[in-house]
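Please look through the chains shown here before reading on. The paragraphs below start at an interface and end at a single residue.

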Amino acid sequence: MNALEFILAGMLAAATPFLLAALGELVVERAGVLNLGVEGLMAFGAVLAFIVVYHGGGHLLSFVAAGLGSAVLSLVFALVALGFRANQVATGLAIGILGQGLSALFGKTYESLTVKGLPKLALPWLSEIPLAGRLFTQDIVVWLSLAATLAIWVMFAYTKVGLVVRATGENPKAAHAIGYSVTAIRFAAVAFGGTMAGFAGAYAAVVYTPLWADGMIAGRGWIAIALVVFGTWLTGRIFLGACLFGAVSLMGLAAQATGLDVPSQVLASLPYLVTIIVLGIISADRRLLKLNGIASLGEPFER
Amino acid sequence: MTAPLLSLRGISKSYGQIHANQGIDLDVAPESIHAVLGENGAGKSTLMKLIYGVEQPDEGTIVWDGEPLNLASPAEARRKGIGMVFQHFSLFETLTVVENIRLVVPGRKADLTERIRTLGRDFGLEVDPLAPVHALSVGERQRVEIIRCLMTKPRLLILDEPTSVLPPQSVDKLFDTLRRLRDGGVSILFISHKLEEIRAICDKATILRAGRVTGHVDPREHDAHDLARLMIGRDMPEPMPAVSQSGGEKRLEIIGLDHRPEDPFAVALSGISLTVRAGEILGIAGISGNGQSELAALISGETVLPREQRDRIYMMGKDVGTLGAAARRQLGFAFVPEDRLGRGAVPEMSLVLNSLLTAHPLGLLRHGLVEKARAKAFTSECIRQYDVRTPGPDVEAGALSGGNLQKFIVGREIMLSPKLLFVAQPTWGVDVGAASAIRRRLVALRNEGMAILVISEELEELFELCDVIQVLHHGTLSPRLETRDTRPEDIGQYMIGAHTPAAPKVLA
Amino acid sequence: MTRDLMMSRRNVLASGLALGVSAFAPAVRASAPIKVAGIHASPVENAWNSVLHKALQDAAAEGVIEYVFSEGVSGTDYPRAMREYAEQGAKLIIGEAYAVEKQAREVAVDYPETAFVLGSSGKESGDNFGVFGTWNHDGAYLAGMLAGKMTKSNVVGSVGAMPIPEVNMLINAFAAGVKAVNPDAKHLVTFIGTFFDPPKAREAGLAQIDAGADILFGERIGTADAAKERNIKSVGSLIDYTPRYPDTVFANALWGFRPILSAAIADVAAGKPVGKDYTAFGLLKEGGSDVAYVKGVAPAEAETAMEAKRAEIKSGAFEVPRITDEPK
């Protein structure tokens with residue numbers, strides 16, 4: 001299989017951890033909250049999922065466990081940052097560190113152990129296409145995350161729930177004035193973000209590389225946060241950014257495999273550079289930034 | 001006598017030490033337009049919050065349509081048939097009109113769009129349902145707010161200072177709408193401090209002062225003077241007579257200034273030319289959002305012109321366009337910004353420290369260190385001369401009432417003995433007594449030879465203060481209009497751009 | 001009374017004699033175990049640390065040392081941990097200085113009575129700071145000999161962390177082993193740029209498989225997952241991964257720490273300075289590195305050839321080349 005096929009085949013799966021976490025953080029930030037603890041939430045979800053699968057609980061249960069566990073941890077963040085109105089940046093970082101610490105603690109006895117992954121499902125007919133066929137052969141979580149992307153896009157564009165979240169983020173005082181509980185909406189958004197981060201971590205540890213190693217999330221949570229901002233809080237762009245990042249990472253590795261004489265460090269930096277440049281260019285319209293930027297992001301809400 | 005729609009008895013509400021409402025009685029008849037009159041701080045907004053369910057009264061009863069009413073939230077108020085349009089709109093700028101309405105009114109987008117158009121036609125509140133709110137003028141935004149209320153089929157509609165954001169023509173249109181609503185069976189509760197307007201539209205008025213009711217009258221049977229007396233408890237002082245002056249030296253000159261701001265939602269200025277001479281007050285009128293903030297920043301020095309654009313702004317004969325605020329102040333320029341808290345004064349700091357902000361050149365510093373005694377003396381003098389009601393100079397600025405803080409800031413700037421004084425929105429949110437005092441002071445200074453530039457959205461104020469008025473519309477200035485030769489309706493025409501060569505769409 | 005005195009005097013004389021004798025006895029005493037502290041930057045389940053940990057535990061089980069340890073010690077805490085153990089009386093501290101090269105040596109200067117032998121990219125320092133590297137290239141060479149005969153596509157691949165000398169050496173050794181039995185084989189190399197990122201290693205492995213490799217050498221974990229997914233074989237590094245990937249990992253380039261530890265302990269017990277490089281004790285002929293493989297996966301003649309080579313390495317007749325240039 002040539003490099004292009006390789007990239008197409010692997011791009012969606014590589015993007016899935018970023019995508020799930022970024023979609024979660026998108027909802028959180030749209031509601032006006034900045035949660036920087038995504039990395040830790042992912043790590044926590046990852047270890048919970050791994051432990052469940054390792055002891056025979058099956059993949060479905062592992063995702064449920066990861067989602068619930070990270071949701072609970074994210075609610076701790078919500079309690080401190082929204083309930084006690086502590087600084088959101090500091091609180092998010094603290095929860096992130098806590099999440100990573102917990103994942104190291106729980107995962108200690110499972111270091112380097114492996115579990116079985118998930119099979120890939122091939123879409124009929126589409127997966128027979130030459131070159132791009134492998135794109136349509138993915139494990140079920142990838143398909144579900146594509147569905148999630150679509151659902152979130154529809155939510156923000158058409159549904160009342162999406163409207164309410166957007167309103168809360170743009171003008172919490174006005175939202176409160178017309179009778180919405182800003183705090184309740186933000187709590188719900190944070191919990192959702194935590195659940196998605198848990199799913200993202202679970203995917204990394206029990207499907208993508210079905211093993212546990214301390215630190216295996218390796219910064220993907222931070223990249224997810226960056227994707228949300230560089231994608232100007234638009235679902236489509238975030239999806240594009242995640243795929244782009246995944247694709248360019250794979251491209252760098254494929255390039256090394258073909259013996260291309262470019263230093264590996266340069267290739268390792270390419271995904272970051274390309275994603276920043278592409279998203280930066282398409283988001284350079286200041287009108288768009290003002291229009292989509294979240295006016296109340298990170299600010300505590302006082303009634 | 002038909003039973004009242006809404007009946008309040010003995011309503012009281014306190015916030016800590018402040019008794020916002022004390023023993024209020026109020027009856028609103030069906031199909032009536034009822035005004036609630038009072039100066040800033042009299043308790044009008046608090047009373048409305050109680051009626052709308054945002055807060056709960058400490059004492060007293062509310063009877064609605066014969067039944068006692070205990071509202072826990074605005075949503076419940078809406079269900080009962082009470083709607084409210086706040087002075088500061090609760091609209092979301094990045095959403096469209098129909099999306100904004102959808103947040104409050106259940107229904108499918110298509111149905112709501114249709115209803116918005118219908119209501120707009122029936123009540124003269126036309127607005128495009130699919131337009132994003134940030135693209136709407138203030139008048140249009142107000143219409144969205146009113147339509148949003150109407151959709152919940154209210155029987156009582158509360159409007160908080162609705163005309164403060166409208167040009168004269170739009171005020172008439174609004175009143176037309178209100179009359180139609182009243183004839184359609186909706187009662188209106190109308191909060192305002194504009195006496196002429198209340199006399200024009202309302203059939204009943206309740207006057208509040210310092211948290212209590214001082215009278216229920218039919219405003220059509222009283223003149224503005226009587227109403228004012230009920231509002232402030234004493235006669236309003238006469239405005240200061242202007243001593244005619246002419247031919248003073250030019251203190252501020254702006255020649256053909258164009259400015260394109262970085263913020264895409266800000267207003268671009270083009271061809272701004274104005275002159276303010278010694279012994280003259282020039283006023284700039286205009287509906288909010290036509291470039292006033294941008295122009296103010298350019299004059300104050302908060303926005304500095306790039307080098308290519310020298311020769312545009314002159315103060316005291318010197319080219320100051322590229323100079324910052326501090327440099328301009330050194331030439332004898334003083335400035336009272338429109339935001340008292342945050343730009344004019346630091347809320348968390350004491351008045352003494354706030355004096356230092358701009359008055360430090362008056363010997364309040366020595367070798368870079370603060371002379372505490374001198375600063376305190378300056379502040380005390382300012383408090384005394386300008387009748388600032390405050391326990392003392394060490395009180396935090398944020399604890400003062402709007403009017404008192406404004407008096408302090410104006411006083412501070414005047415004590416710098418500037419040659420050129422620029423005041424933006426001098427009496428916004430200021431009670432009648434303080435507003436009158438400030439205006440008298442400005443005219444007195446003018447008589448002594450100061451050059452004063454005023455930007456204000458209150459047309460009455462400009463007519464009282466200014467020798468010359470220019471109107472700002474979409475970033476361009478009208479020619480000079482001598483106040484004594486001009487009528488408010490003429491100004492209104494300029495405000496909506498009816499006189500500009502390429503007359504853009506009418507902001508009705 | 002007199003009797004007591006006489007008894008006690010005898011006792012004093014007897015114990016004094018015993019003390020004197022033991023003072024002159026040779027330092028190699030099987031009776032008193034040496035206090036050794038292990039400071040691990042990662043959990044002891046981590047591959048590299050597990051090798052150290054096992055050797056230390058074995059020595060403790062034999063009674064040669066008393067072993068206490070800390071794990072998951074971050075770079076910022078590492079020097080402090082070193083000081084604490086030295087203060088508590090550890091005679092030998094084993095650990096890793098990779099993140100704290102300079103500070104670790106500074107700590108050693110402050111505690112001249114304690115011996116420090118740490119994994120390091122740098123040189124030994126003073127009398128009490130010794131270093132060791134991770135040389136499992138002997139095992140890698142031997143595994144390469146098996147892989148070279150097993151590949152049907154004639155393309156093999158290695159996934160490594162970063163092109164630092166130690167890693168380069170290891171991968172070059174694997175390649176050399178392959179080339180020794182199969183000069184036509186092509187060797188692909190990918191560096192993922194980090195030491196801890198299994199998903200990335202997997203992606204790199206997949207890339208190589210798609211470029212034609214049918215045997216992988218996984219210097220980083222995660223590579224075996226790629227091999228497993230595509231039903232090819234791979235070689236593990238440092239420890240035996242076969243139990244975790246029974247059908248995939250057929251050979252492992254093991255590393256053994258015991259010889260290094262024993263040498264260090266011997267020096268400490270003899271009172272000799274430990275400020276030297278113990279790396280060479282990790283070679284196969286010292287009992288350090290080795291290859292662990294599943295018999296019958298590679299062709300029989302390959303195994304025979306490999307065993308022969310192994311014997312040569314063990315006897316010292318053959319030395320696996322140590323090339324630290326970046327493999328291309």
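Across the interface of chain A and chain B, the rule finds zero salt bridges, a salt bridge being a side-chain nitrogen of Lys or Arg within 4 Å of a carboxyl oxygen of Asp or Glu. Polar contacts do occur there: five residue pairs, both at pLDDT 80 or more, are counted between chain A and chain B. A polar contact is a pair of N or O atoms within 3.5 Å; within protein, one must be able to donate a hydrogen and the other to accept it, and residues adjacent in sequence count only if both atoms are side-chain atoms.

This is a predicted model, in which local features need pLDDT of at least 70 and side-chain atom pairs count only at pLDDT 80 or more, while totals for chains, interfaces and linings use all residues. Residues are numbered from 1 along each chain as its sequence is written, chains are lettered from A and ligands numbered from 1 in the order in which they are written, and side-chain values use heavy atoms, with hydrogens and water left out.

In this interface, 19 residues of chain A are in contact with 19 residues of chain B, contact meaning heavy atoms within 4.5 Å. The area buried between chain A and chain B is about 1900 Å², and carbon and sulfur atoms give 59% of that. Buried area is the accessible area (1.4 Å probe) that two parts lose on being put together, summed over both. A:L163, A:E170 and A:I178 supply 30% of the area that chain A buries against chain B, more than any other three residues.

Which chain pair shares the most contacts? Of the two pairs of chains in contact, that is chains A and C. Chain B and chain C do not touch, and their nearest C-alpha atoms are 40 Å apart.

Within chain C, C:N136 lies in the loop between β5 (129-132) and α5 (137-150); helices (H or I, at least four residues) and strands (E, at least two) are DSSP runs, numbered from the N terminus. C:N136 is buried, with a relative accessible area of 2%, where buried means under 20% (1.4 Å probe, protein chains only). The side chain of C:N136 reaches the backbone oxygen of C:A253 at 3.1 Å. Leaving aside neighbours within four places in sequence, C:N136 is in contact with C:L170, C:S237, C:L238, C:A253, C:L254, C:W255 and C:S289.

Key
Buried < 20%, exposed > 50% of the residue type's maximum accessible area, 1.4 Å probe, protein only.
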